[in-house]
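Thanks for coming. I will walk through a few pieces of one structure, so please look at the sequence and the model first.

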Amino acid sequence: MTRVGKYHVVLLGIAALILLMSLVRIVSGQNDITSSGTFAAALGFAVPIGLAGLGGLWAERAGVVNIGLEGMMVLGTWMAGWAGYQWGPVAALIAGLLGGALGGLLHAIATVSFGVDHIISGVAINLLGPGITRFLSEVLYKEGTQAADAGAGITTSPAISGKWEISFPILSDGPDLLGKLEATHWFLVADLAGILRGLTHGVNVLTVLAVLLLPLTFFVLWHTAFGLRLRSAGENPWAAESLGVNVYLIKYVAVVISGAFAGLGGVFLVFISTKYVEGQTAGRGFIGLAAMIFGNWRPGGLAAGASLFGYADGLQLRNQGAVTSFFLFGAVLLLIYLVLQVRRLLSSDQPAELVTRGAKQYTTIAVAALGMVILLWLWLTVEKLPNEFVYITPHVLTLLVLLVASQRLRMPKADGVSYRRGEQH
Amino acid sequence: GDGGGTTASEAPTGGASSEAPKSALKVGLAFDVGGRGDKSFNDAAYTGLEKAKTDLQADIKELSPSADGSNRGDLLRQLADAGYNPIIGVGFAYAEDIKKAATEYPEIQFAVVDSASNAPNVTGLLFAEEQGSYLAGVAAATKSESGHLGFVGGVESDLIKKFEAGFVAGVKSVKADAKIDIKYLTPDGDFSGFKAPDKGKVAAEKMYQDGADIVYHASGDSGLGVFQAAAAAKKKAIGVDSDQRQTVKETDLQSVIMTSMLKRVDVGVFEFIKSFQGGAKGGSNVTYDLKVDGVGLSTTGGEIDDIKDKLDAAKKDIVDGKITVPAKP
Amino acid sequence: MPAGLNRALLTVAGVIVAVILAIAICSAAIIIAGASPLDAMGAFFDFGATERTQSNGIATFLNRAVPLFIAGLAVAVGFRMNLFNIGVEGQYRIAAICAAFVGSTFSAPAPIQIAVIIVVAAAVGGLYALIPAVMKVTRGVNEVISTIMLNYIAISLAAYLVRGPFAGVRAEGELTTTTPKLPESAMFPDLNFLFDWLGMLAPTRNGGLWGFLIVAIVLGVVIWVVLERTRFGFNIKASGLNSSAAVASGVNSKRMVIAAMVLSGAIAGLIGLPEILGDKGAFNSNFTAGLGFLGIAVALLGRNKPVGIAIAALLFAFLDRAQGPLQFADIPPSVITIIQGTIVLLVVVANEVTNRIALRIEERRAAQQLGRNTPVEVTA
Amino acid sequence: MSADTLATVKPAVELEGITKRFPGVVANHDIRITVQPGTVHAIVGENGAGKSTLMKILYGMQKPDEGTIRVNGAEVSFRTPSDAIEVGIGMVHQHFMLADNFTVLENIVLGAEPTKAGRLDVAAARRRITELATAHGLRVDPDRLVEDLGVGDRQRVEILKVLYRGARILILDEPTAVLVPQEVEELFQNLRELKAEGLTVIFISHKLDEVLDIADAITVIRRGTTVASVDPGEVTARQLAELMVGSELPTPETRESTVTDTVALKVSELTMEAGAHRPVPKGTSVSVYADKLRQEGGRLLLDDVSFEIRKGEILGIAGVEGNGQSELIEAIMGIRPAHGTIELTGQDITTWSTLKRRESGIGYIPEDRHRQGLLLEASLWENRVLGHQTRKPARKGVWVDRRASKADTARIIKDYDVRTPGVDTLALALSGGNQQKLIVGREMSGEPAFLIAAHPTRGVDVGAQAAIWDHLRNARAAGLAVLLISADLDELIGLSDSIQVIYRGRLVAALDPSDITPERLGGYMTGAIAGTEET
Ligand SMILES: Nc1ncnc2c1ncn2[C@@H]1O[C@H](COP(=O)(O)OP(=O)(O)OP(=O)(O)O)[C@@H](O)[C@H]1O
Ligand SMILES: Nc1ncnc2c1ncn2[C@@H]1O[C@H](COP(=O)(O)OP(=O)(O)OP(=O)(O)O)[C@@H](O)[C@H]1O
Ligand SMILES: [Mg+2]
Ligand SMILES: [Mg+2]
C-alpha cells in the first residue's frame, strides 16, 4: 500500500468511527460519548500518557528499552513542583524536563556505558524516582521550612500560580459556535462539533506543545539525518558504527530526551493539579510504555493508543452510564464483522470445494453472532455496572483492541540489545 | 456508629483535674500511608499530638509506615518497645494491627482513629462524618439554585461512603427531589484516588456542566481538582477534613470553597491523650459527633452565615436524636 | 572447578564493592539531610535493646523476606524465558482474595485446610497469568502491555469481590472490608520454636515467625531443581538464551510460553499467603500491595536464580525493617528506597564489569590451553 | 600495471608492523602489507588467521597495539571508521552490516546523509545512488526494504555504501562467500571496472580459484603474520593453500556409491504460502489448492516440492540463497507449517511436532549456528543436550542426566576433535569451526536415520572442513540419508549422490553430480538455464 493510500485508510477509519459513535450516541442517548467535555478530558488524560510514550519511543527507537519512564516522570513532577512554586511555570517546565532528563541520563550511563540490562536499570530507576523525591520532600518540605509555610507538605509541593489555558477564538470561545452546535445534539453534526470543541476549548499550553511534539518527533526521527542515525542505532548499531556514526552519543542523546519527555509528562500533571502531589503519576509511565508498544513504536500509533486510553478514562470518570454503551458499540462492530463474513461466504466465486469453509470459519461466525447477542442483551438489561467494572474501562478496552487488531508489531531489531563498540555477536 | 461506647462529652471528664506526672507522658503515634505532611488527615492527627506536647508536656514520637503499609503493626510494636504509652494508630487500616498489638502489650493503652475499640486497652476514636456531611448537604441544598449537587469521593471505601451517605441525607432533607451526582475516582485498594487532582477535576467538571452548582468532595488531594473545576465553572465546592478555605493557598480557589466539613481528628487525638493522662482506660469508643463538635462546618469566608439558623436547627435535631443520619448509602 | 570459583569470587567482590558504593551514596544523601550516616547505620542494625524487641525484629525481618522471595521467584521464572511478567502484582492479589475466601468456606484438619488454600492460590494465580499467556500465543499481544492492564483490572476485581460476593462480616465500627475470617485450622503454625532452640525469647508479635517461611524455602528448592535439573527447566533456559535454537531443537515455544507464564503466575499466587495464613487470617482492603513490583527488583538483583533471589529478598527485607528505627533516629525513611534502588543499579553494573573480566580470563585460559596465544615464527 | 608506474606512484596502503592482541590471542603480529593503487590485492589465510582483524584496523574499527598505517603515502591514525572514511577507505564486512528494516537508500546514506534545510534530502540521495548504480553496473532499487533483498542485492548495497562515500580504497571481506558463480562473476566484473577507474580493492576470500582469477597481488597470512607475498600468475590454488596451512588441500570427493533401495525420507507436494498458513480444506488435494493459491497471485515460498532420499544417499540441494532452502528445512523440521506430506522411513510425519520428528531420527545441522544451533551462553554439555532433551543419554525421566550428558560431550570432543578446555566451557569461547564440529557431533549422535546438513562447513577452515566431510561420508556409508544444502558448489558436487536445483521455491532440475561443473550448476541456480531432467 502506498503512503497516500495508508493515509486515506486512516482518515476513512476515523470517519467511520465518528459515524459509529454518533450512531451509538443517538441510540443510547448518552451525549457524553461525543461531548466536548469528554474529549477535553480525554485529551487531558492522553497527554501525559502520550508524553511518556513518546519518551519510550525515543529511547526504544535508539535501541534502549525504557521501563524506567515512571521513575523519570516522578522526578519530573517533583522538580516541576519544587521549581514552580518558587519561580513560576516556566521554571517548572524547565526543571521538570531536567528532572526527567536526569533520570534518562542515569539510565543511559547504566545501559549504554556499562551495558547493564535495560530492564534492570529501568526497574532501579522506578525505585529511585519515588525514593529520591520522597527523600527530598522529607528534607525540603518538612515542618518549619519556608516551603511548608507556603503550603508544602511531605506529600505535596506548594501550589504554582499562573494559568496557561487557551481556546480557539470564536469557534470554541466567546460566541462559542461549536458549543452551540454541540448543544443541538443533531446526528453527526453535534458529534463533530463536540469533538472539535473538546480539543480546542480551554486547552493547556502544554497540551498544545505535547500534541505538536508528535509530528515533530515523526519529522525528526523519520525525515532528518539525525533521526536516521538514531533509528539505525536501534536497528543495527554495528552497521551504524561501521559507517562512522557515534552510536554511544546517539543513544545517550536519545535516552536523555526520552527522560525529558517523561519528565514533561510529569510537568503536565503538575500543571493540571497546580502542584506536585506524591503518587500523582499513578503508573502513567507504564501505561505510556504500553501505548507505545500498542502503537507499534510509531508516533501515530502511540497517539492512537494514548487517545484510546484517555478517552475511555475520561468517559468513565464523567459518565458511568455511558460506559454501558460500549456494549452497544461492540455489538454494532460485531454485526459489521458478521455482515462482512457472510457476504464473503456467499459471494465467493471459487469452486465450492475450494472455499475455506472449514468448521473453524463457521465457529468464528457463530461465536461472533453469540457475542453480538450477549452484548446487545447486556446493553439492554444492565442498568448500571458495578463501579469496580467502570474504573477498568480503559484497561479492558485496550486489551480488547489489542486482541482484535492484527498483531504485526515490529520492534526495533536491536531494541534492548546491549551494544558494545567493536563487538558483534 | 456509636458502638455502644461513651461519647466524647463524657470521656474527658476528670481528665484535666487529676494531673499525672507530666514528664512520664510518652505518646507514640503511627500515621496511615502517606504519612505526615499530607495536609489532611495525618496532619490533623499530628496537630493534636503537637498540642499534647505543648499543653501536656508530652514526649512525642510519630512514625510513618512504608509506602505499601505492610509494617503498620511493626511500627506499633516498635513504639511500644521504646516505652511509648499511649500509642495511637491513625486510620481505620490500623484496626486489626492495633487489636493484635494491644493483646501483646496489655499494659499499654492504644487508640485507633476511625475504627472501633476491639480490645480492653484500645480506645476507638470515631467520627460521625455522616453527621457533618449531613450538615454539608443541608448547606449545599439550601444554597443551591439549580437543585443539582455533586459528590466526589476519592477511593470507594466504606469510610468515604459515610461522607456520601450523610451528604445525600442532608440534601434530601432540604430538597427531596434534588439531583445528586456521585462519583468515586478509584476502587477500594487503589489509593491513587486521593492523589489525583486531574481525575477529581474531570469528575467535578462533568457535574458542573450538567448543572450542579455545589460539589462536595471527600477525596484528599484530588479535591484540589474539584476546586479548580468549581473555579472554572464559577460555581461552589465544599471542602473536607480541615478548613480548606484556609489550608488551600491559592486565592482563586479559596473563594469557591463555600464551607468545609470539619473532622476534628486533632481534637480526638488530643482529648484521648488528655484522658489517658487522667487515667482513663480503653475498651470503649469515643464518638466525635456534632454533639461535641467533633465534626461540623467551617465558617471562614462567611458564605454560610446567612443559613446559620437552618444549620443550627439541623444540628440540634441530630444532637437531640430526632434525626438519625445513615452511615451507609 | 577453578574457573567457576574465579568467577564466583569476582562476582562476590563486585557485589561488595557495589554495596559499599551504594552505602556511600546514601550516606552523602543522609549528610545532606542533616543527619549522621552512622546513626543511620546504627538504625539498620538496631534490633532493639531487649530480648523481646530483638526477636520481634528478627521475625519482622524474616517475615518480610518471605513474600519478597516468592515474588522474586515468580518474576524470575518468566525472566528466564525472556517473558516479562509485570503482572505478578495482579496475579497475587486475585489469588490471595480467592484463596482467602475459599479457605473460609469450609473447615478441615489443618494440613488439608492449608493445602487446599495453597492449591487454590496457585491455581488462581496461574489462571490469571494464563490470560496474558494465551493472548500472547494466539494473538501475539505483548505481555508487557497485557500484564500492566491486567494489574489494574485485578485491583478493581479484588475490590469488587471483597465488597461483594466474597465479603465477610466484620466487627461493628470497623471500616476495613474483608473476606470472612479463616478458621483456626487454616492458620499456618509459626516457627517460634526455632528461637527456643537458639536459646532466644520467642517473638511475641502476633503470628511470630511465619511458618510459611518453610514453604518458601521448599518452593525455592523445588524451583531451583525444576529450573536447573529438569528437562522442563532446560527448555526454559534454552528458550530464554536463544529462542530460535530452542524451537529448532524441538521445544514448543508456545507451550513453553504458556507453561512458564502459568508457573510464574502460580508462584505469584502464593505471595499473599504468608500474610494471610500467618497473620491476617483474611484478605482485606488494606492488603499489602506492591510486592509484585518489588519482586521484579528482587529477581533482577538475584540474577533470576533462587539463591540470589533469597539473598536479595533478605537484603530488601533487612532494609525495610529499619523503617521505624530510622525514624526514631530522625532520618528520613525514604533512604531505604534509595539504597534499594542504588544497590540494584550498582550491583548489576558491578556484575557487568566483573563478568567481562571473568570472560576475559576464561578466554585467555582457553586460548592458553590450546596454545593459540603464540604466533608462529615464519620465515617469509 | 607496469613495473615503472608502480615505482613512481605511492602505495595506496602500507601496513607496517601491525600487531593486535586480544585477551589470550595475538590476532595480528608484525603484519606488513603494501597495496599498490589501482590493483586488486587479495589477502588469504585460514579461519582465525587475523584477516578481518587487520581490515578492521585499517578501517578504524579497532586500534592496533603497534605498527603504522600509511594511506597514499601519508601516515594516518584512525580513531573511528569516520576517520578512515575521510581518507577514502570503505569496507564491506564479512557479515552484512545492514539494517533490515531500512530501505536500501537509508542504508546507503546512513552516516553521510545529504540534507536540505535540516531535512533528509531523499531526492538528492536517490539521484546520486541511481547515478552510482548505473555508472558501476550495480542494479538496486533504492526504495526497497533490505529485508526483502536477496544476498546478491545486499552485497551490491554494501558496495554502493562504500562508493557513495567516495571511497577510493575498497576493502571486501569475504564478499563471495554467499554468492553463486554467476553472481561472483558479476561482482568481479564490477571490481574490474572499479579498478579501471583507478580504485584500489583489498579482497579477502577462502575460495582460492576466485582469488587467482581476480587478484593482481596476493598476501598470505598465517596465525596472524604475513607469511608470503605471491604473484597470482606464479602459483596454483594448491600451492596457495599449502602456504596457508602447510597441509594438502582436502577435496570433498565421495568415493563409491552407498545408495540403497530403502527410502528414508519422502517429501511430496510440499507447498508453503508466503503469508499466514491456512490449512488445506478437507477433501481438496494439495495440488488443487496450490493451483488456487497461484491463481490468487499469492507468492509460494515452496511450490510443489517432491523428492526422495534413500538410505546411504546424500541429496544435494543447490540454489541461490533465498529460493526456499530455509523454508524447505523448516517444513521438514516442522518449525513452519506447510502443505503436502513428509514421510520418514515409511511413516507419515506431516503432522508431527519438531520434537517428535527429532526423536524419530532426524538430525539437523542448521545454516546459522549462532541463531539456530547453539546456546552461546551455555556450557558445551548443555549444548549437547539441546535437541536431545527427550532422549538418551541426556534424559533420565523428567531430569536432565548431567553426568551422562557430560560423558557423551567428552566423547564428541574426542571423536570430532573439538578444541576446547573442557565440557563446562561456554560455547561462545569456541571458534566458529570448533562450534560447528560440536554441532555436527551432536546431530550425528543417537544414530539418526536422516540428517539435514545446511552449509555444514560455512566459515570453517580447511582442516575442520575435511573432518566434517569425513564424518558425513562415514555416516552415509553406515546408511544415513542426508539432505545437503550448501552454497559451496564444490562441496555440493563432491559430496552429493544426486543434486536437485531449487529456484523460486520449485525444484527445477535434477542433476548428476558426476558430470556437472559449478558453472553449469550456477546456470540452473540463477535460472539462466531452464530446468531439465539430466539424470
Ligand atoms: N574482538 C575480539 N576479541 C577477542 N578476540 C578476537 C576478537 N576479534 C578477533 N579475535 C581473535 O582474533 C583472531 C583473528 O580473528 P579474525 O576474525 O581476524 O580472523 P579471520 O582471519 O578473519 O578469520 P575468518 O576467515 O574466519 O574470517 C581470531 O582467532 C579470534 O580469536
Ligand atoms: N567480538 C568478539 N569478542 C570476543 N571474542 C571474540 C569476538 N569475536 C571473536 N571472538 C573470539 O574469536 C574466536 C572465534 O574465532 P573465528 O573468528 O575463527 O570464528 P569464526 O570462524 O569467524 O566464527 P563465525 O563464523 O561464527 O563468525 C572465539 O575464540 C571467540 O571467542
Ligand atoms: Mg570469522
Ligand atoms: Mg574474517
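Which residue stands opposite Gln347 of E17 in chain D? Before I answer, note that this is a predicted model.

The residue is D:Leu344, which faces D:Gln347 in E17(D). The two strands involved are E16, residues 339-344 of chain D, and E17(D), and they pair in the antiparallel sense over 2 bridges. They belong to an open sheet of 4 strands in chain D, ordered E14-E13-E16-E17, with antiparallel pairing. At its edges are strand E14 (300-310) and strand E17 (347-348), and each of these pairs on one side only.

Two helices of chain D pack on this sheet. Helix H10, residues 286-295, touches strand E13 (263-273), E14 and E16 of chain D, and its direction makes about 30° with that of E13(D). H11(D) also touches E13, E14 and E16 of chain D, with its direction at about 65° to that of E14(D).

H11 leads us to the other sheet I want to show. This helix, residues 325-333 of chain D, also lies across strand E15 (314-318), E18, E21, E22 and strand E23 (498-503) of chain D, running at about 155° to E21(D). Those strands are part of an open sheet of 6 strands in chain D, in the order E18-E21-E22-E15-E23-E24, and here the pairing is mixed. Strand E18 (362-365) and strand E24 (506-511) stand at the edges with a single partner strand each, so one side of each has no neighbour in the sheet. On average, neighbouring strands of this sheet are turned by 20° against each other, direction ignored.

Within that sheet, E21 (residues 450-454) and E22 (residues 481-485) of chain D pair in the parallel sense over 5 bridges. D:Ile452 stands opposite D:Leu483 in E22(D). Helix H16, residues 432-444 of chain D, packs on the sheet as well, touching E18 and E21, and its direction makes about 175° with that of E18(D).

Now to chain C. Helix H4 (residues 88-104) and helix H13 (residues 291-301) of chain C pack at an angle of about 135°, their axes 7 Å apart. H4(C) and H13(C) are therefore oblique to each other. The contact is made by C:Val88, C:Glu89 and C:Tyr92 of H4(C), with C:Leu291, C:Gly292 and C:Phe293 of H13(C). By class, that is 4 nonpolar, 1 polar and 1 charged residues.

Last, aromatic rings. Over all chains, a search of the whole structure finds 28 aromatic pairs. In one of them, C:Phe45 and C:Phe318, the ring centres are 5.2 Å apart and the planes are at 55°, so the pair is tilted. C:Phe45 lies in helix H2 (residues 37-45) and C:Phe318 in helix H14 (residues 306-321) of chain C, so the pair ties together parts 273 residues apart in sequence.

Conventions:
Residues are numbered from 1 along each chain as its sequence is written. Chains are lettered from A and ligands numbered from 1 in the order in which they are written. This is a predicted model: local features need pLDDT of at least 70, side-chain atom pairs count only at pLDDT 80 or more; totals for chains, interfaces and linings use all residues. Side-chain values use heavy atoms; hydrogens and water are left out. Axes are lines fitted to C-alpha atoms, for helices over the stretch in contact, and angles run from 0 to 180 degrees between N-to-C directions. Angles under 35 degrees count as roughly parallel, over 145 as roughly antiparallel, 65 to 115 as roughly perpendicular and the rest as oblique. Contact means heavy atoms within 4.5 Å. Ala, Val, Leu, Ile, Met, Phe, Trp, Tyr, Cys and Pro count as nonpolar, Asp, Glu, Lys and Arg as charged, and the others, Gly among them, as polar. Two strands pair if DSSP finds at least two bridges between them. Rings of Phe, Tyr and Trp (its six-membered ring) pair if their centres lie within 6.5 Å; planes under 30 degrees apart count as stacked, over 60 as edge-to-face and the rest as tilted.
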